[in-house]
Amino acid sequence: MRICYLANAASIHTHRWATHFSRQGHDVTVVSLTDASIPGVNVRWMGVDPNMRGRIAYLLCLPRLRRSLRELKPDIVHAHYAGGYGLAAALAGFHPLVFTAWGSDVLILPQSSRLLRGLVKFALRRADLVTSMARHMTLAIGGLGVLRERLITLPFGVETSVFHPAGRPPADHAAPLIVSTRHLEPLYNVGLLIEALPGIAARFPAVKLVLLGDGSERERLQKRACALNMARRVVFLGRKRPEEVARRLWLADVFVSTSLSDGNNISLNEAMACGAFPVVTDIPANREWIRHGENGFLTDLHDPHMLANLVIQALERNSLRKAAAESNWKIVRQRGSWASAMETMEAQYRKLIHNREPGAIRLATGVSEP
């Protein structure tokens, strides 16, 4: 199969998809506005000025995108993120065309303005298949006019060969350890965890917080930790390779995700697989995986006192953490496996290629009005 991904070449998700199908023996090319490399995968940079922002950049790349598709002659085009690469793919007019929504492109972007809602609807309706990472996203995409038969729910899942509980130490360590692996960007609301830390430290004076992630909020969060006299308790490690993330999660007693919105919380799935007890915000993406008080805790999006109290409860209840770890590993293997998800995706690719009309360039039809 010749597969062409339209996606951010610097994203870890793009790396995972492209590398997986390349290793399966397929001819994979990533066409991107981001000048980045992916080992073993052909990446074509669209040559747009990196300072160019917004939808205009995707429009300016259209001539080069169409030329690339004519040269590559892919069997399938797969665009990741409906509001940007999806729009470019829709305008390019190549089929079979698959879209994968990542979260904010269908949950937040369409709500921000009528124009953006119209652009996202335009793009989605021209796909032959749309994949969603979670049920609440599937409902949102359906509300944008995509027919049910063209829409599947397919969580990205985690690589269980990397994220699994086998690396956890046999006994608890002396100092309680909290880990967050979310990006340090406003959407991920990591400041809530910093604000909660003094309350946690009052009960567990030896507690440590490790942040694996980076972003525009890093300096502000570091300053806030200092202002709260928590600097010596917080370690900012930046972004790490999956193997290092797994190693840190094996050592963690509690995993915290404070995100305001998510598609599917892959970070949560990784923590569940590694046996860290989840304390996560009460949003649809997390409710798909967590039953409050059983295999994790759900907390308010803006209340640091509630978050602190739930983390304290988790640290105090060893038996709850142990039972949750066993349950969560089963859940990930059943519903959150990367390998299973990719098997499903490859089957969908083959189905679309088999059913395509003669002459691969055609307009998509069969969309419904909301």
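Author: **The parallel sheet and its surroundings**

In this predicted model, strand E11 and strand E12 (residues 277-281) pair in the parallel sense, and 4 bridges join them. Within this pairing, Phe255 stands opposite Pro278 of E12.

An open sheet is formed by 6 strands, in the order E10-E9-E8-E11-E12-E13, with parallel pairing. At its edges lie E10 and strand E13 (297-299), each of which pairs on one side only. From one strand to the next, the twist averages 20°. Helix H9 packs on this sheet, where H9 touches E8, E9, E10 and E11, and the direction of H9 makes about 165° with that of E9.

E8 pairs with strand E9 (residues 208-211) in the parallel sense, over 4 bridges. Here Leu177 has Lys208 of E9 as its bridge partner. E9 in turn runs parallel to strand E10 (residues 234-236), and 3 bridges join the two. In this pairing Leu209 has Val234 of E10 as its bridge partner. A right-handed β-α-β unit is likewise made by E9, H10 and E10.

Arg224 forms a salt bridge with Glu195, and their closest N and O atoms are 2.5 Å apart. This pair links distant parts of the chain, since Arg224 lies in helix H10 (residues 218-227) and Glu195 in helix H9, 29 residues apart.

The side chains of Arg182 and Asp262 meet at 3.0 Å, N to O. Arg182 is in the loop between strand E8 (177-180) and helix H9 (191-203), whereas Asp262 is in the loop between strand E11 (254-257) and helix H12 (266-274); the two residues are 80 residues apart, and the pair links distant parts of the chain. Both Arg182 and Asp262 are buried.

Helix H11 comes next. In H11 (residues 242-251), the buried residues include Val245, Ala246, Leu249 and Trp250. Why do these residues lie on the same side of H11? They cover an arc of only 140° around the axis, and therefore they share one side of H11. The general rule behind such a pattern is that an α-helix has 3.6 residues a turn, so residues three or four places apart point the same way. Among the elements that cover the buried residues of H11 are E8, E11 and H12. There is also a network of salt bridges, which links Glu244, Arg247 and Arg248.

Is Phe297 buried or exposed? Phe297 is buried because its relative accessible area is 2%, and the limit for a buried residue is under 20%. Leaving aside residues up to four places away in sequence, Phe297 touches several residues, including Phe277, Pro278, Val279 and Val280. Of these, Pro278 is the residue that stands opposite Phe255. The contacts of Phe297 also include Ile290, His292, Leu310, Gln313, Ala314, Arg317 and Leu320. Phe297 and Gln313 are 16 residues apart along the chain, and 9.5 Å separates their C-alpha atoms.

Note on methods:
Residues are numbered from 1 along each chain as its sequence is written. This is a predicted model: local features need pLDDT of at least 70, side-chain atom pairs count only at pLDDT 80 or more; totals for chains, interfaces and linings use all residues. Side-chain values use heavy atoms; hydrogens and water are left out. A salt bridge is a side-chain nitrogen of Lys or Arg within 4 Å of a carboxyl oxygen of Asp or Glu. Buried means under 20% relative accessible area, exposed over 50%, partly exposed in between (1.4 Å probe, protein chains only). Two strands pair if DSSP finds at least two bridges between them. A crossover is right-handed if, with the strands pointing away from the viewer, the path from the first strand over the helix to the second runs clockwise. The arc is that of the directions from the helix axis to the C-beta atoms. Contact means heavy atoms within 4.5 Å. Axes are lines fitted to C-alpha atoms, for helices over the stretch in contact, and angles run from 0 to 180 degrees between N-to-C directions.
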